[in-house]
Amino acid sequence: MRIISGQFKGRRITPPKRLPVRPTTDMAKEAIFNILNNIYYFDEISVLDLFAGTGSISYEFASRGTENITSVDEDFGCIKFINKTAEEFEMPIKTVKSDVFKFLETTKIKSDVIFVDPPYAFSLDEFSKIPELVFQNSLLEDEGVLVVEHAKQMDLSHLPYFSYSKNYGSSIFSFFEKSE
């Protein structure tokens with residue numbers, strides 16, 4: 001895994017093999033960050049990275065200047081790896097070891113970008129619960145966006161607040177925004 005752009009561009013990060021993760025591909029990461037780069041100044045936003053896994057998305061935001069990043073994962077090994085990597089690179093990433101659904105029910109953190117990369121095997125009900133909790137609990141800033149990564153076989157376009165989706169290889173990114 002490598003950091004695509006920013007201060008740490010090209011740096012390779014090697015997570016332990018035993019982590020229960022499916023990292024976002026470099027091609028998909030580059031594409032999603034090109035989209036977000038046209039919407040935000042990374043040094044002015046706050047980010048919530050849910051099902052953070054190896055922390056790949058959090059590292060990209062930190063490398064591009066984002067100072068307010070919270071990574072949430074329920075796996076202790078993932079959290080430990082993110083903490084170690086963030087400390088090594090002096091990245092401003094806060095971690096929370098928690099079940100993501102419980103976290104979304106109780107957190108008061110509002111973010112400009114909420115990036116969610118749950119297991120592709122999630123059911124439609126599980127995927128549906130994510131935007132439901134984010135919008136029900138007002139966790140997005142006014143011009144914020146919720147980005148959910150999922151497999152091609154999962155269609156989220158019928159869910160409330162769905163805006164559009166982008167397809168990159170075997171991954172789809174569905175974007176959700178507050179209605180105007």
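Which residues of α5 are buried? In this predicted model, the buried residues of α5 are Phe127, Ser128, Ile130, Pro131, Leu133, Val134 and Phe135. The cover over these buried residues includes α4 (100-106), β4, β5 and β7. Just after α5, serine 138 adopts a positive phi of about 50°.

**The sheet**

The model contains an open sheet of 7 strands with mixed pairing, in the order β3-β2-β1-β4-β5-β7-β6. At its edges stand β3 and β6 (162-168), each with a single partner strand, so one side of each has no neighbour in the sheet. On average, neighbouring strands of this sheet are turned by 15° against each other, direction ignored.

Strand β2 (residues 68-73) has 5 of its 6 residues buried, and it is therefore largely enclosed by the rest of the structure. Strand β1 (residues 46-50) runs parallel to β2 and is joined to β2 by 5 bridges. Within this pairing, aspartate 49 stands opposite serine 71 in β2. From β1 the chain passes through helix α2 (residues 56-63) to β2, in a right-handed β-α-β crossover.

Strand β3 (residues 93-97) also pairs with β2: 5 bridges join the two, which run parallel. Here the bridge partner of serine 71 is threonine 95 in β3.

| α1 | 26-37 | 12 residues | 16 Å | 16 Å |

In α1, the buried residues are Ala28, Lys29, Ala31, Ile32, Phe33, Ile35 and Leu36. These buried residues of α1 pack against α2, β4, β5, β6 and β7. An α-helix has 3.6 residues a turn, so residues three or four places apart point the same way.

In soluble globular proteins, nonpolar side chains tend to be buried together. The largest nonpolar core of this model has 34 residues, and Phe61 and Met91 have the most contacts inside it. At least two residues of this core come from each of α1, α2, α3, β4, β5 (140-151) and β7. Helix α1 gives the most to this core, with 6 residues.

Which residues does methionine 91 contact, leaving aside its neighbours within four places in sequence? The contacts of methionine 91 are Ile3, Phe8, Tyr59, Ala62 and Ala86.

Another core, of 24 residues, lies apart from the largest one. Among its residues are Phe51, Phe122, Phe127 and Ile130. Of these, Phe127 and Ile130 belong to the buried residues of α5.

Methods
Residues numbered from 1 in each chain as written. Predicted model: local features only at pLDDT ≥ 70, side-chain atom pairs only at ≥ 80, totals over all residues. Heavy atoms only, no water. Buried < 20%, exposed > 50% of the residue type's maximum accessible area, 1.4 Å probe, protein only. Helix = DSSP H or I, 4+ residues; strand = E, 2+ residues; numbered from the N terminus. Pairing = 2+ DSSP bridges. Right-handed = clockwise from strand over helix to strand, strands pointing away. Axes fitted to C-alpha atoms, helices over the stretch in contact; angles between N-to-C directions. Core = buried A, V, L, I, M, F, W, Y, C linked by side-chain atoms within 4.5 Å. Contact = heavy atoms within 4.5 Å. Expected span 1.5 Å × (residues − 1).
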